[in-house]
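Please look over the sequence and the model below. The report that follows takes one residue as its starting point and then widens the view.

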Amino acid sequence: MQWKQGCSAVLLALTLTAVAQEKDKPGARDHEVVGRYAGSVLQNQGVQQHAQIDAPLGAVRRDSAGLQADQSLKAEGRLSHYLYWAPAGRSSLEVYRNYEQALKDKGFRIVYGCDQPQQCQQLGL
């Protein structure tokens, strides 16, 4: 698989709607490719310089072994994760669609996404 910017990067962005906090986590920075949804607060951020994940390519279910996907893609490289508090009045789906479009605009192809808020929340995503 070919990754943008010549690096293997997986962006996992989880955006929550809640009472907005006023300031970003000290030292945290937005991802250089997609940035942040306007008005959001960066609650937490981390980077693993090299990691391997099984990215789901379809529906995910929870069982006694944890989260399971019928199909997945092994990916490895730099792994970034971000936790934002969305601005008041914005839904998780609205923010999700904004990030989805931002990635597409940068040439990424979305292979799977959890865009059904109730289902995603039940799985703990």
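## A residue in strand 4

Glutamine 68 is partly exposed, because its relative accessible area is 26% and that class spans the values between buried (under 20%) and exposed (over 50%), taken with a 1.4 Å probe and protein chains only. The model is predicted: local features need pLDDT of at least 70, side-chain atom pairs count only at pLDDT 80 or more, and totals for chains, interfaces and linings use all residues. Residues are numbered from 1 along each chain as its sequence is written, and side-chain values use heavy atoms, with hydrogens and water left out.

Glutamine 68 sits in strand 4, residues 66-69. Strands here are DSSP runs of E with at least two residues, and helices are runs of H or I with at least four, numbered from the N terminus. Leaving aside residues up to four places away in sequence, glutamine 68 touches Ala59, Val60, Arg61 and Asp63. Contact means heavy atoms within 4.5 Å. Aspartate 54 is 14 residues away from glutamine 68 along the chain, and their C-alpha atoms are separated by 9.8 Å.

## The hairpin

Strand 4 pairs with strand 3, residues 60-63. The two run antiparallel and are joined by four bridges; strands pair if DSSP finds at least two bridges between them. A hairpin of two residues links strand 3 to strand 4. These residues stand opposite each other:

| Residue | Opposite residue in strand 4 |
|---|---|
| Valine 60 | Alanine 69 |
| Aspartate 63 | Glycine 66 |

## The whole protein

The protein has two helices and five strands. Along the sequence they follow the pattern β-β-β-β-β-α-α. Of the 125 residues, 26% are buried. Among contacts with a separation of 6 or more, 66% are between residues 24 or more positions apart. The accessible surface is about 8300 Å², and carbon and sulfur atoms make up 48% of that surface. Accessible areas come from the Shrake-Rupley method with a 1.4 Å probe.

## The core and its rings

Which residues form the largest nonpolar core? There are 12: Ala28, Val33, Val34, Tyr37, Leu42, Tyr82, Tyr84, Ala86, Val95, Tyr99, Ala102 and Leu103. Such a core is a set of buried Ala, Val, Leu, Ile, Met, Phe, Trp, Tyr and Cys residues joined through side-chain atoms within 4.5 Å. Strand 5 (72-86) and helix 1 (92-105) each supply at least two residues of this core. Helix 1 gives the largest share, four residues. In soluble globular proteins, nonpolar side chains tend to be buried together.

A search of the whole structure finds two aromatic pairs. One of them is tyrosine 82 with tyrosine 84, a stacked pair at 6.3 Å centre to centre and 15° between the planes. Rings of Phe, Tyr and Trp (its six-membered ring) pair if their centres lie within 6.5 Å; planes under 30 degrees apart count as stacked, over 60 as edge-to-face and the rest as tilted. Both tyrosine 82 and tyrosine 84 are buried. Tyr82, Tyr84 and Tyr99 form one aromatic cluster.

## A buried loop residue

Is serine 40 buried or exposed? Serine 40 counts as buried because its relative accessible area is 6%. Serine 40 lies in the loop between strand 1 (9-17) and strand 2 (41-56). Not counting residues up to four places away in sequence, serine 40 touches Tyr84, Trp85, Ala86 and Pro87.
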